[in-house]
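Me: I have a structure open that I have not looked at before. Can you walk me through it?

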Amino acid sequence: MFFWEGSFLLGFVLLGGAGLFWSIYLDEKRNEEIRRFFSTFTHELKTSLTSLRLQAEILEEDPRNRENENLRRLLRDVVRLELQLENALVLAQAENSRLFLEEIPLGKTVQVISAHWPQLSVALEGDARVRADQRALECILKNLFQNASVHGQATGPAVPNPLVATARAGL
């Protein structure tokens, strides 16, 4: 009697475990499909936004449009949307990718990224090489400049040299 009851219990436990593993497999498969869709969708949308930003920048270069506040607002909004999509794309790919640490020249990276915020006068105190993931560093700097521009109404954030800042702090 104990043998049959134990066998019956063990059979249900194994059947339940197999059901859980199957459910986990289906859930992972569905999550992967959602991540793939989200990644493709944000990439395609980002491509369209980049084209829109380029066209707006071309219009802004025309001397007749230099004082057009609506065009400036359009450019700011497009840059903000591009930043949000880039962050979403990074998050969508975060689980599948690892950070690739490399030596990055901070001055050159800041100069390239700051071009997206022409209303900011970005200054770099000295120059340094940072050991970081290029994409993650760019994402952080873009968020920093965007927040400084929008929320801080900044006109010129200074990006301190980490070595100079460390020396000033007495570390």
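**Overview and details**

Reply: Buried residues make up 25% of the 171 residues in the chain. Keep in mind that this is a predicted model.

Me: How many helices and strands does the chain have?

Reply: There are 5 helices and 4 strands. Read from the N terminus, the elements run α-α-β-α-β-β-α-β-α.

Me: What about pockets? How much space lies in the largest pocket?

Reply: The largest pocket holds about 240 Å³ of space. It is lined by 14 residues, and those closest to its centre are Leu75, Arg76, His116, Pro118 and Gln119.

Me: Which elements give two or more residues to that lining?

Reply: Helix 1, helix 2 (69-94) and helix 4 (134-150) do. Helix 2 gives the most, with 4 residues.

Me: And by class, what is in the lining of the largest pocket?

Reply: The lining has 6 nonpolar, 4 polar and 4 charged residues.

Me: Changing topic. How many salt bridges does the count come to?

Reply: The count is 7 salt bridges. One of them joins Asp27 and Arg30, with their closest N and O atoms 2.9 Å apart.

Me: Where do Asp27 and Arg30 lie?

Reply: Both lie in helix 1, 3 residues apart, which is about one turn of the helix.

Me: Is that pair buried, exposed or partly exposed?

Reply: Asp27 has 32% relative accessibility, so Asp27 counts as partly exposed. Arg30 is also partly exposed, because its relative accessible area is 45%. The range for that label runs between the 20% limit for buried and the 50% limit for exposed.

Me: Which residue forms a salt bridge with Glu57?

Reply: Arg53 does, and the closest N and O atoms of the two are 3.2 Å apart. Glu57 and Arg53 are 4 residues apart in helix 1, so about one helical turn separates them.

Me: How do Glu57 and Arg53 come out on accessibility, buried or partly exposed?

Reply: Glu57 is partly exposed, with a relative accessible area of 25%. Arg53 counts as buried, because its relative accessibility is 12%.

Me: Which residues are linked with Arg53 in a network of salt bridges?

Reply: Glu57 and Glu82 are linked with Arg53 in a network of salt bridges.

Me: Now Asp62. Which side chain does Asp62 meet in a salt bridge?

Reply: The side chain of Arg64, at 2.6 Å from N to O. Arg64 has 72% relative accessibility, so Arg64 counts as exposed.

Me: On to the surface. Which residues form a nonpolar patch there?

Reply: Phe37, Phe38, Phe41 and Leu45 form a nonpolar patch on the surface. Together they have about 390 Å² of accessible area.

Me: Where is Phe37 found, and why does Phe37 count as exposed?

Reply: Phe37 is in helix 1, which covers residues 2-61. Phe37 counts as exposed because its relative accessibility is 56%, and the label applies over 50%.

Me: Last one, Leu99. Where is Leu99 found?

Reply: Leu99 is in the loop between helix 2 and strand 1 (101-105). Leu99 is exposed, with a relative accessible area of 63%.

Me: How far apart are the C-alpha atoms of Leu99 and Asp133?

Reply: Their C-alpha atoms are separated by 5.6 Å, while the two residues are 34 residues apart along the chain.

Conventions: Residues numbered from 1 in each chain as written. Predicted model: local features only at pLDDT ≥ 70, side-chain atom pairs only at ≥ 80, totals over all residues. Heavy atoms only, no water. Patch = residues over 30% accessible without salt bridge, like charges linked within 9 Å, V, L, I, M, F, W, Y side chains within 5 Å. Areas by Shrake-Rupley, 256 points an atom, 1.4 Å probe, with all protein chains shown as cover. Salt bridge = Lys/Arg side-chain N within 4 Å of Asp/Glu carboxyl O. Buried < 20%, exposed > 50% of the residue type's maximum accessible area, 1.4 Å probe, protein only. 1 Å grid on protein atoms, 1.4 Å probe; cavity = no way out; pocket = protein on both sides within 12 Å on 5 of 7 lines; lining within 4 Å. Points joined across faces, edges and corners; volume = space filled by probe spheres on them. Nonpolar A, V, L, I, M, F, W, Y, C, P; charged D, E, K, R; others polar.
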